[in-house]
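Please load the model in your viewer and keep the selection panel at hand.

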Amino acid sequence: MTRKKLAKQSEVIMTEMVLPNDTNTLNNLMGGKLMHWMDVVAAISAQRHSNRIVVTASADSISFKHPIALGNVVTLKAQVTRAFNSSMEVFIEVFAEDIPANKKITTHRAFFTFVAVDQGGRPIEVPEVEPVSEDEIELYEGALRRRQLRLVLAKRMDPKDAVELKSIFNLDEKDK
């Protein structure tokens, strides 16, 4: 499959309000609820890119940098950064907004991986991603390293075969 789609074509923006039923005992958004929203927005982005049914393959570490309070408006922005055969890496950014205080902060960032599947649930090829903006190009170029790290951590790739990761650490043949 040689067709390409612009990275921007997969962009999805989802907005939610933190309601009492979404919070923990400290009146902050529960982490599981946020992860659910992240999975939904990322899945829509992957579907938009591939025009296929998609399934979640992995979610990279999600660090909870800032709590999101009851009543905040949460905006989740997702976009496919790169496609590999049947899988797609999706970058998600989360913003919390306290509208009465006129404050908006970035609270979370994560990368999820989705696999496009056919009606029988078998992986199916997806279009390539064509990055245009500087941010899109940077995310696209880093995607191969992130993919190799995921595969090594999942024990699906031998670390010595992770060529892109080795380049980060300036490992050469003598270090084997």
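Begin by selecting β3 and β6 (residues 103–117), which pair in the antiparallel sense over six bridges; strands here are DSSP runs of E of at least two residues, helices are runs of H or I of at least four, both numbered from the N terminus, and two strands pair if DSSP finds at least two bridges between them. Within this pair, Ser58 stands opposite Thr113 in β6. The model is a predicted one, in which local features need pLDDT of at least 70 and side-chain atom pairs count only at pLDDT 80 or more, while totals for chains, interfaces and linings use all residues. Residues are numbered from 1 along each chain as its sequence is written, and side-chain values use heavy atoms, with hydrogens and water left out.

Now return to Ser58 and Thr113, which, with Arg147, Arg150 and Leu151, are the closest to the centre of the largest pocket among its 22 lining residues. A pocket is an open set of points on a 1 Å grid over the protein atoms alone, where a 1.4 Å probe fits, with protein on both sides within 12 Å along at least five of seven lines, and lining residues have an atom within 4 Å of a point. Finally, select α2, from which six residues, the largest share of this lining, come.
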